[in-house]
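Please look through the structure shown here slowly, and keep the sequence beside you as you read.

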Amino acid sequence: MAAASANGQEVPNKRVILKSYVTGFPRRTTWRWSPAPCASPCCAEMNRLTVVKNLYVSCDPYMRGRMTKHDKPSYVPDIVVGEVIASGHPDFKVGDLVWGMTGWEEYTFVPKPESFLKINHPELPLSYYTYGCSCAGSDEKVNLLKSKFGFDEAFNYKKEQDLDAALRRYFLEGIDIYFENVGGHTLVVVLSNMRNHGRIPTRGMISQYNLEEPEGVHNLFEIIGKGLRMEGFMVFDYYGHYHKFEQENGRVPQGGKDYLHRGHR
Ligand SMILES: NC(=O)c1ccc[n+]([C@@H]2O[C@H](COP(=O)([O-])OP(=O)(O)OC[C@H]3O[C@@H](n4cnc5c(N)ncnc54)[C@H](OP(=O)(O)O)[C@@H]3O)[C@@H](O)[C@H]2O)c1
C-alpha cells in the first residue's frame with residue numbers, strides 16, 4: 001500500500017494493529033504491522049479529503065483498557081498529531097499541523113477533514129500556573145518536564161523510596177490541584193497531602209490497568225475532612241472546546257518553551 005508524499009509521489013504506508021487481546025502486561029507480540037489503505041494527492045484534491053503525515057502517534061495508558069477482551073468490541077481510534085501533505089478541503093492546506101483520531105499508522109487519509117482539528121498555536125505553553133510539579137519514571141523524562149514542558153519541579157517516582165516525603169519536599173504547604181492520572185498508592189499519599197478545598201480533576205489510574213485485582217484507597221475520608229472536590233472526565237466530552245482553549249492560551253505570555261516540533265517523531 002502507498003500514500004501520497006508532499007511532492008506527489010506515492011510512498012509505502014503501514015499501520016500497527018492489535019494481534020491478540022491482553023491479560024496482565026502487553027508484550028511486543030501483542031501487535032503486528034499491517035498494510036494500510038492509500039490515496040493519491042489528486043484523489044485528495046478532487047474529493048475534499050486530506051492526507052496527513054503522522055508526526056506523533058500517541059502510545060498511552062488509556063489504550064490498555066481497549067486491549068482487554070470485552071463482551072462488546074471496545075476499540076476506538078488513537079490520537080495523532082500530523083502535517084497535511086495533500087488536501088482538497090478549503091479549510092486545510094499543505095503544511096497545516098492538525099490532530100485527531102486515527103490508527104497507529106504512518107499516513108492517514110481523512111475523508112471528513114472537519115473531524116481533525118487544526119493546530120493554530122503550536123507554541124502554546126503547557127503550564128502557566130505559579131507553581132507546577134510533575135513526576136515520571138526516568139531521569140530523561142524528568143529533565144524534559146522541567147526544561148521543555150514548563151514545570152517548575154519534577155521528580156523520578158521510581159527513585160523515591162518515600163513518596164510522602166517527596167510530596168512534602170515539593171509541596172511545602174500542601175497540594176492545591178492534583179491532576180490524577182495514576183491512582184492506587186499514589187492517590188492515597190496525595191490525598192493525605194492535599195490542602196483544604198483542593199481539587200482533583202481525575203483523568204486516569206495507570207497504576208491499576210495491568211493488575212488482576214485493583215488496589216483499594218483506604219483514606220477517602222480526606223475528601224470529606226478537607227472539603228476536596230474530585231471529578232472524573234473523558235477527553236472526548238471536551239473536543240468542542242479545543243479552539244477556545246487555543247485562543248485563550250494563545251494570549252498567555254510565551255516563556256519560550258515550545259513543545260511541538262515539526263519533524264520530530
Ligand atoms: N479520561 C480520559 O479521557 C483519558 C484520555 C487519555 C488518557 N487518560 C488517562 O490519563 C493517564 C495518563 O495518560 P497519558 O496519555 O498522559 O500517559 P503517558 O504520557 O504515557 O504518561 C503516563 C505516566 O504515568 C507514569 N506511570 C506509569 N505507570 C505508573 C505507576 N504504576 N505509578 C506511577 N506512575 C506511573 C508513567 O511513568 P513512566 O515514565 O514510568 O512510563 C508516565 O509518566 C492514564 O491513566 C490514562 O488512562 C484518560
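The largest nonpolar core has 16 residues, and those with the most contacts inside it are Phe 155, Leu 167, Ile 175, Tyr 178 and Met 194. A nonpolar core is here a set of buried Ala, Val, Leu, Ile, Met, Phe, Trp, Tyr and Cys residues joined through side-chain atoms within 4.5 Å, where buried means under 20% relative accessible area, exposed means over 50%, and partly exposed lies in between (1.4 Å probe, protein chains only). Helix H3 (163-170), helix H4 (184-193) and strand S14 each supply at least two residues of this core; helices (H or I, at least four residues) and strands (E, at least two) are DSSP runs, numbered from the N terminus. This is a predicted model, in which local features need pLDDT of at least 70 and side-chain atom pairs count only at pLDDT 80 or more, while totals for chains, interfaces and linings use all residues. Residues are numbered from 1 along each chain as its sequence is written, and side-chain values use heavy atoms, with hydrogens and water left out.

Which residues does Ile 175 touch, not counting residues up to four places away in sequence? They are Leu 167, Val 190, Asn 193, Met 194 and Arg 195, with contact taken as heavy atoms within 4.5 Å.

Strand S14 spans residues 194-202 and includes His 197. This histidine, His 197, counts as exposed because its relative accessibility is 63%, and its phi is near 65 degrees, a positive value in a residue other than glycine.

Asn 156, by comparison, belongs to strand S12 (residues 153-156). Is Asn 156 buried or exposed? Asn 156 has a relative accessible area of 8%, so it is buried, and, leaving aside neighbours within four places in sequence, Asn 156 is in contact with Ala 136, Gly 137, Ser 138, Asp 139 and Val 142.

Another place to look is the loop between strand S15 (229-232) and helix H6 (242-250), where Val 235 is found. Val 235 counts as partly exposed because its relative accessibility is 33%.

The cysteines come last. If a disulfide is a pair of cysteine sulfur atoms within 2.5 Å, the count comes to zero disulfides. Cys 133 is accordingly in no disulfide, and the nearest cysteine sulfur, that of Cys 135, is 7.5 Å away. Cys 133 counts as buried because its relative accessibility is 17%, whereas Cys 59, with a relative accessible area of 61%, is exposed.
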